Structures are given as C-alpha cells and as structure tokens.
Amino acid sequence: MEEKRIAAKRAVDYVHDGMIVGLGTGTTAYWAIKKLALKVHEGLNIKAIATSIQSEELARKLGISLISFSDIDEIDITIDGADEVDYNFNLIKGGGGALLREKIVAAASKQLVIVVDQSKLVNRLGLFPLPVEIVKFGHEVTMKNLSKLQCKAKLRMKNEKVFVTDNGNYIVDCHFDSIENPKELHNKINLIPGVVDNGLFVDMADKVIVGYQNGEVKELY
C-alpha cells in the first residue's frame with residue numbers, strides 16, 4: 001500500500017491550478033484523491049469528474065469540487081490505477097468494477113497518468129483476469145460467446161450475489177492466462193452483442209508512475 005501512496009503523491013504533482021481532473025477508482029486512486037484534497041485545502045483551484053460513485057463520494061466528502069460532462073469539453077488530466085501494465089503501456093483495468101466510466105473519462109482526457117506498484121508491471125498482459133462489462137439481458141449467451149475467444153468466463157460475484165456495476169450491468173472476468181495482441185482482442189470482444197466494453201486500455205496511457213518497496217518512484221514514458 002505504501003508503494004501506491006508514494007506513486008500517487010508523485011502523480012498529483014502534475015495537477016496545476018485551474019485544471020479539470022479525472023478521478024480514478026480503487027486503492028491507488030484513493031491516495032491520489034486524498035493528496036489532491038490536501039492541495040485543495042492549501043489553495044489549489046481544480047474541478048473534478050469521478051469514475052465511480054465511490055470516488056465521487058470520497059471527493060465530495062474531502063471538499064473537492066465536482067462537475068459533470070455537460071459542463072466541459074475535455075479533461076486536462078486523469079489519475080488512475082491499473083491491475084496490469086505492460087511495457088507498451090497496454091493496461092488491464094476493471095478489478096474494482098468501474099472500467100466503463102474509467103474508459104469514458106480516460107478517452108476524454110488530454111493526459112492519462114497511471115499509478116501502480118511494482119507488482120502490476122508485466123511483460124505480457126493476461127495473468128490478471130480481464131473484466132468485461134455486459135448487459136444483464138441475455139448475459140448467458142454473451143458469456144458463451146466470450147468463452148469462444150479461448151478464455152474461461154466467470155460471472156463476478158460479491159457477497160454471494162451477482163456483482164452489479166454503477167451502470168446497472170454485470171461484469172464477466174475472462175481468464176486468458178496470456179494476451180498476445182491486446183488491441184486485436186479488445187476489438188473482438190467489443191464486437192460481441194451484449195458487451196458494453198472491456199478492461200483493455202490500449203494506446204490510452206501517457207505516463208506510468210511506479211512505486212517500489214524501497215520507497216523509490218519511477219516514471220515511465
């Protein structure tokens with residue numbers, strides 16, 4: 001957790017007065033939001049858009065001013081985490097179930113800064129199950145079609161109930177073991193009827209900030 005905290009602190013250094021900031025979701029984003037709130041109380045003037053109800057509630061509680069997409073044309077910078085990052089900056093996101101909103105916010109951002117601890121850096125994506133957000137209607141057939149992509153598709157559960165996203169959809173965790181071509185797989189998945197979007201973020205990250213156990217922070221470009 002300390003690695004994420006120090007890396008998130010570094011990422012917040014890229015936020016400047018007057019910016020519109022995208023707030024990610026998860027433990028890494030939590031530390032970034034906490035640090036941003038401290039800077040706001042010290043006089044930093046920003047407005048933010050959150051990628052989940054959880055992050056929105058935290059930001060509001062800490063005094064960060066929130067706006068909606070109807071108020072802006074684009075986001076200056078988004079700070080978010082990832083479940084896996086390869087050295088080409090391909091990402092797997094969605095472990096927390098917020099991949100759709102995270103991708104919408106990331107796509108609207110001039111700069112996407114990803115913050116991770118060293119365990120999230122991989123040579124090839126796929127060890128972490130790929131989350132896919134799907135609509136409830138016909139989810140059984142959608143899952144069968146996902147399985148045809150040579151993965152084991154499992155409906156995400158939470159507290160012995162089917163997990164439901166902030167958007168009212170289901171998440172299917174697809175176990176591939178290894179993803180050789182993230183862009184190709186991304187496109188194949190999104191062509192399946194019933195799929196809303198998937199957790200592959202390809203050609204979206206501009207910077208990856210990595211926190212290490214020894215307290216070191218590295219920035220990858």
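Conventions. I number residues from 1 along each chain as its sequence is written, and side-chain values use heavy atoms, with hydrogens and water left out. Because the model is predicted, local features need pLDDT of at least 70 and side-chain atom pairs count only at pLDDT 80 or more, while totals for chains, interfaces and linings use all residues.

His186. I located His186 in helix α6, residues 182-190 (a helix is a DSSP run of H or I, at least four residues, numbered from the N terminus). His186 counts as buried because its relative accessibility is 17% (buried is under 20% relative accessible area, exposed over 50%, partly exposed in between, with a 1.4 Å probe and protein chains only).

I then looked up polar contacts (N or O atoms within 3.5 Å, one able to donate a hydrogen and the other to accept it; residues adjacent in sequence count only if both atoms are side-chain atoms). The His186 side chain has one with the side chain of Lys103 at 3.2 Å, and another with the side chain of Asn187, at 3.2 Å. Setting aside neighbours within four places in sequence, I list Lys103, Asp197, Asn198 and Leu200 in contact with His186 (heavy atoms within 4.5 Å).

Charges over rings. I used NZ of Lys or CZ of Arg within 6 Å of the ring centre and within 35 degrees of the ring normal. Lys93 sits over the face of Phe201, 5.6 Å from the ring centre. Arg156 sits over the face of Phe163, 5.6 Å from the ring centre.

Terms used:
Helix = DSSP H or I, 4+ residues; strand = E, 2+ residues; numbered from the N terminus.
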